[in-house]
Amino acid sequence: MEYDFDRVIDRRQTDSVKWGLNAKLFGDADVISAWVADMDFESPAPVIEAILARARHGIYGYGVRPAAYTDSMVAWMQTRFGWTTASEWYAFSPGVVPALALAVHAFTQPGDKIIIQPPVYPPFFSIVKNNGRQLVFNPLKFHDGKFQMDLENLERQIDPRTKMLILCSPHNPVGRVWSREELTALGEVCLRHNLLIISDEIHADLVLRGHTHTPLAMLSDAFAQNTLTCIAPSKTFNIAGLYTAATIIPNARLRAQFNHTRENLGLEGGNVFGIAALEAAYRTGGEWLTQLLDYLQGNADFLMSYFAERIPRIKPIRPEGTYLVWLDCREMGLDDAALKEWMLKRARVAMNEGHTFGEQGRGFLRLNFGCPRATLVEILQRIEQAARS
Ligand SMILES: Cc1ncc(COP(=O)(O)O)c(C=O)c1O
């Protein structure tokens with residue numbers, strides 16, 4: 001079956017965060033939304049069908065997650081990444097951000113230090129800070145034309161109060177797909193200093209040409225015992241609104257602690273449509289994903305050329321994964337407020353402001369290119385016009 005990713009679907013009437021808040025947040029219902037990380041494509045047909053079949057039943061009482069649900073994830077990890085996992089390693093959470101918060105509660109105490117590597121997904125900051133833990137930064141460095149982890153600085157930051165590192169792999173917003181060598185080096189530093197790794201791999205399936213995602217935990221038994229891997233079908237199959245995710249925890253002691261924390265917070269449930277959709281997505285979504293990745297590659301190539309040829313003042317960092325591109329707008333010489341004003345009032349495209357990903361993001365914008373080509377063309381034309389005037 002050939003999927004049609006060119007089809008433009010109006011989402012403005014669907015109470016969506018990405019498209020339904022423009023008037024309220026930006027004072028202009030007609031800005032084009034290219035911010036929140038969901039895509040403007042329909043989910044795979046078998047996922048829609050699974051949800052419709054469940055909906056048609058008409059009774060939506062409490063659900064259970066059947067064996068086939070977990071089996072679909074075990075098979076996905078095996079076929080996509082070559083990682084052999086056991087079904088009992090999978091722990092439910094109603095989203096990856098909740099899993100990060102659960103891990104912070106389960107494995108650290110108030111006042112403990114947790115390391116993140118900005119610029120990075122904003123909830124990494126709030127989950128740590130708002131739960132009374134200390135944030136420690138190991139900023140990515142831009143070296144040899146790409147963002148890299150600074151392991152020397154990381155080692156210098158660690159003291160006896162430092163308990164955890166939250167990794168973003170692939171990395172939002174800079175689009176890096178970390179290599180086995182980079183992950184191995186990071187894993188070894190963390191083992192040496194007794195730092196638990198929470199590896200947020202929500203973007204694992206969204207990897208562009210020439211790159212391969214490796215789950216850090218599959219690189220050695222020692223890493224597996226020291227890592228929680230957060231996965232979800234939400235970004236991959238565009239079902240984030242179903243709030244269904246999993247954390248893979250090979251270490252039985254850590255798993256018990258994580259599950260205990262989730263139970264104590266009353267987060268056992270999960271919705272019946274999420275159960276149906278996750279299983280259908282992982283069981284049957286491979287072909288759709290292949291076509292999606294081709295389409296996203298086309299979008300990435302298109303926008304890279306467009307900026308180079310027509311908007312040279314803005315320099316996109318070529319994404320290796322995700323459907324997000326990190327735009328270096330520093331040549332425009334605008335401060336945070338002026339860049340925001342330019343983006344919303346002149347370009348009339350809603351992107352994420354770089355500084356919300358940490359100090360290091362100042363002067364950058366994050367553009368979501370998970371949309372039909374026609375929408376992307378309109379976004380780029382608006383940016384081009386605004387950059388000229
Ligand atoms: C790195 C990363 N983690 C987590 C999430 C959100 O996860 P969830 O919606 O499952 O809480 C996102 C969404 O953009 C993300 O980019």
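User: Where is arginine 348 found?

Analyst: This is a predicted model: local features need pLDDT of at least 70, side-chain atom pairs count only at pLDDT 80 or more, and totals for chains, interfaces and linings use all residues. Residues are numbered from 1 along each chain as its sequence is written, and side-chain values use heavy atoms, with hydrogens and water left out. Helices (H or I, at least four residues) and strands (E, at least two) are DSSP runs, numbered from the N terminus. Arginine 348 falls in the loop between helix H13 (336–347) and strand E13 (349–350).

User: What is the relative accessible area of arginine 348?

Analyst: Arginine 348 is not a glycine, yet its phi is positive, near 55°. Buried means under 20% relative accessible area, exposed over 50%, and partly exposed in between, with a 1.4 Å probe and protein chains only. Arginine 348 counts as partly exposed because its relative accessible area is 29%.

User: Is aspartate 15 buried or exposed?

Analyst: Aspartate 15 also has a positive phi, about 50°, without being a glycine. Its place is in the segment before helix H1 (17–20). Since its relative accessibility is 76%, aspartate 15 counts as exposed.

User: Which residues surround the ligand?

Analyst: A residue counts as near a molecule if one of its heavy atoms lies within 4 Å of it. The shell divides into seven nonpolar, three polar and two charged residues. In that division, Ala, Val, Leu, Ile, Met, Phe, Trp, Tyr, Cys and Pro are nonpolar, Asp, Glu, Lys and Arg are charged, and the others, Gly among them, are polar. The residues around the ligand are Ala37, Gly95, Val96, Val97, Pro98, Tyr121, Cys168, Asn172, Asp200, Ile202, His203 and Lys235.

User: How far is an oxygen atom of the ligand from the side chain of histidine 203?

Analyst: A polar contact is a pair of N or O atoms within 3.5 Å; within protein, one must be able to donate a hydrogen and the other to accept it, and residues adjacent in sequence count only if both atoms are side-chain atoms. On the backbone side, a ligand oxygen is 2.6 Å from a polar atom of valine 96, and a ligand oxygen is 2.9 Å from a polar atom of valine 97. For an N or O atom in the side chain of histidine 203, the distance to a ligand oxygen is 2.8 Å.

User: Which peptide bonds into proline 170 and proline 173 are cis, and at what omega?

Analyst: Proline 170 is in the loop between strand E7 (162–168) and helix H8 (180–192), and proline 173 is also placed between E7 and H8. The bond from serine 169 to proline 170 is cis, with omega near -10°. The bond from asparagine 172 to proline 173 is cis, with omega about 20°.

User: Which side chain does lysine 113 contact?

Analyst: Lysine 113 belongs to strand E3 (residues 113–116). Lysine 113 counts as buried because its relative accessibility is 17%. At 2.5 Å, its side chain makes a polar contact with that of aspartate 159.

User: What is the C-alpha distance between histidine 260 and alanine 106?

Analyst: Histidine 260 is in helix H10 (residues 252–264), and its relative accessibility of 47% makes it partly exposed. Glutamine 257, also placed in H10, is 154 residues from alanine 103 in sequence and 9.0 Å from it in space, C-alpha to C-alpha. Histidine 260 and alanine 106 are 154 residues apart in sequence, with a C-alpha separation of 8.3 Å.

User: How far apart are the C-alpha atoms of tryptophan 76 and glycine 354?

Analyst: Tryptophan 76 lies in helix H4 (residues 67–81). At 4% relative accessibility, tryptophan 76 is buried. Along the chain, 278 residues separate tryptophan 76 from glycine 354, and their C-alpha atoms are separated by 33 Å.
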